[in-house]
Amino acid sequence: MKRASSVFICAALLSCAAVHAQDASQLSTLEQIAQKRTAEWEAVAKDMNERMARILPCDPRALAAVTEVSRASEARLGALADYLRAVSARAFAETANVRNLLDAEEKRAVEADLERADASQEQTAVNTQSEDLAQSARQRTSLEVPQKLLADIAAMIHQRTAATEQQAGSADAAVALLRALVEKFEARDAALREEFAASEAERTRWNGYYAARRSRAQMECTITQIGARSQGKQ
Amino acid sequence: MRHSRLLRMGLLICCATGLIGQTGRDAYRQAYNIWQQAQANLERDAGTGGDPQVAQADRAAAAVGSFEATRVAYLKSAAAEAIERRKILKAPATRSSPDLMPPSVGNLATVELQTVTRAIARFATDKDPAIQQLRQSMERERVALAALMDTIQARQKTVAATSAAAVALEQARAKTSAAFDDQSSQLSQTVAQMEKEGAAWAQYYDKLAGAIQIPNATAPEPAPPVSTAPSVLTEAPRNESISPVPLVRYVGEWNYPVANGIFHGAQPESVDLEVHENNGHAGGTLKMRFKPSPGVKDPTLQFTFKGDIAATPTQKFTLMTSDGTPGSIELIPGPAFNLLEVNFQTDPRANKIRGGNFILLKK
């Protein structure tokens, strides 16, 4: 299982760049091919033993029947492997993109934190300006109009400071969600690797079974010929 | 002015590409520091100040305009980049199809296993050596099928695990995408808020400069000036501008950007504009050098202009070139506080530049 898995990873990585641009329709095509091959295999595999029961043991059609089903099985599992390889390559590319997004969003969260600090600094500065202007307005009443405007600006900055505070908090929360999402992507990829390895193991076992079935057909022929020779001698 | 719209469109593109200023945080922090230096102690001195504080208010207005424009550009750029890179969260994640693991696969193997097991049982007591060989062959087949059944079940489990992982991933993706959508929305609101603040600061400094020049009966007597210059409080008060936009949008020193300047018609190489205002009257000088063009032997042009400030955003003045040719000039505030569009025309002269239209940056 491990070997199949590592071969699969190498193959997936090698084909990653080529398959990166593979769109959903291409995946859909591969899936349809795999479904078609599965249907074709099922059609010949389900009554293989019944058909063989009606054929004499040494009739070449007996071995041919097993070979036909075995080939259909290999075609099915080969198409399945192609499909899973393409799915995985696409999935790995997605995961790489989301990891890059996480890097970018972590930086953006740091910037949001700095913007919060900037807004806070502006708030302090405008408060100082307001206090100074209030003092000056006592000396010069004409300053009351700009004083009112400055108060409005201070209120706007206060509102924005609160908003940036909230944004910095939500940026951190979003990054935490994204980090968890990357883990989910990685879990999906791991599951796909396991699925691919399992399909390869199944492929090996089906081939082993059909080899054994062929071997039995040959054995049936052999013992039939031995029986015929024995009867001939008597 | 038929080319104004073209110029403005070009200008917006330039803003987007960072022509006007860098869009990084460092750039707006630098602009912020310049503003803070420009406005240092302005409010404290406003009660007793005069012309120096009026000039300082104008400098502060220009600096805050530059700061707000730089920061808004930075935030817009950051927001646009964020939206672009977060697009990957909009698409459902790839998953494998569970349809490729139909139950019939397991059923088929099960039937084969049962059949061969029954056959083995039928020959269990047969002592015939040939039959025993056949039975052994069937036994190998049964072992292969049993092993196959194990792998089929294992694969069924992995398919189920992949499906479960895909469902969990999809839920997390939708939740994360929604969280980032909220963030983008908040950022857009902040940008809108900052644009309002930019306009408010310009209005504030304009009113502040005006208020500083209004003498106050209750104001304390200023100390006698050391020089013979008249006290600022005894000077004629600054007229309230009738222009719908602050005077700082026109007044000051401007030049043509070294790179990626916006123009229509003759291409400027360098432009220096100085605009001053006094009691509703404006004037200034414009010195230009244009890039060589057919039919123009003298690429330089210099003129002075003057006129009254009008109650319209576009200010139109008469001009007189250094060699006595008359003409007219329009000053149009740009979309950012540190931008000014200039459009001028002179009477026709042989081998000379007759007109120009370009955007200047405030020094």
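1. Two residues are taken to be in contact if their C-beta atoms, placed from the backbone, lie within 7 Å. On that basis, and bearing in mind that this is a predicted model, residues 24 or more positions apart account for 87% of the contacts in chain A with a separation of 6 or more.

2. The secondary structure of chain A consists of six helices and zero strands, so that its elements, read from the N terminus, run α-α-α-α-α-α. Of the 234 residues in chain A, 38% count as buried.

3. As to confidence, the model as a whole scores ipTM 0.81 and pTM 0.66. For chain B the mean pLDDT is 83, with 85% of its residues reaching 70 or more. Within chain B, helix α6 (residues 129-212) has the highest confidence, at a mean of 94, whereas helix α1 (residues 4-16) has the lowest, at 39.

4. Two stretches of chain B call for caution. Over residues 1-21 of chain B the pLDDT is below 50, although this stretch has 38 contacts in the model beyond near neighbours in sequence. Over residues 218-239 of chain B the pLDDT is likewise below 50, and here there are 23 contacts beyond near neighbours in sequence. Where pLDDT is low, the predicted coordinates should not be read in detail.

5. Turning to the interface, 78 residues of chain A are in contact with 71 residues of chain B. On the side of chain A that touches chain B, the elements giving two or more residues are α3 (24-45), α5 (60-139) and α6 (144-233) of chain A, and the largest share, 45 residues, comes from α6(A). By class, this side of chain A has 41 nonpolar, 17 polar and 20 charged residues.

6. Within chain B, the axes of helix α2 (residues 25-38) and helix α4 (residues 51-85) come within 8 Å and cross at roughly 165°. Because angles over 145 degrees count as roughly antiparallel, α2(B) and α4(B) are therefore roughly antiparallel to each other. The crossing of these two helices, α2(B) and α4(B), is left-handed.

7. The residues of α2(B) that meet α4(B) include B:Tyr28, B:Tyr32, B:Ile34 and B:Trp35, while those on the α4(B) side include B:Val64, B:Phe67 and B:Tyr74. Charged side chains also take part, among them B:Arg25 from α2(B) and both B:Arg59 and B:Arg71 from α4(B). By class, the contact of α2(B) with α4(B) has 12 nonpolar, three polar and three charged residues.

Note on methods
Residues numbered from 1 in each chain as written. Chains lettered and ligands numbered in written order. Predicted model: local features only at pLDDT ≥ 70, side-chain atom pairs only at ≥ 80, totals over all residues. Axes fitted to C-alpha atoms, helices over the stretch in contact; angles between N-to-C directions. Helix = DSSP H or I, 4+ residues; strand = E, 2+ residues; numbered from the N terminus. Parallel < 35°, antiparallel > 145°, perpendicular 65-115°, else oblique. Left-handed = near helix turned anticlockwise from the far one by under 90°. Buried ≥ 20, exposed ≤ 12 C-beta atoms within 10 Å, placed from the backbone. pLDDT = per-residue confidence, 0-100.
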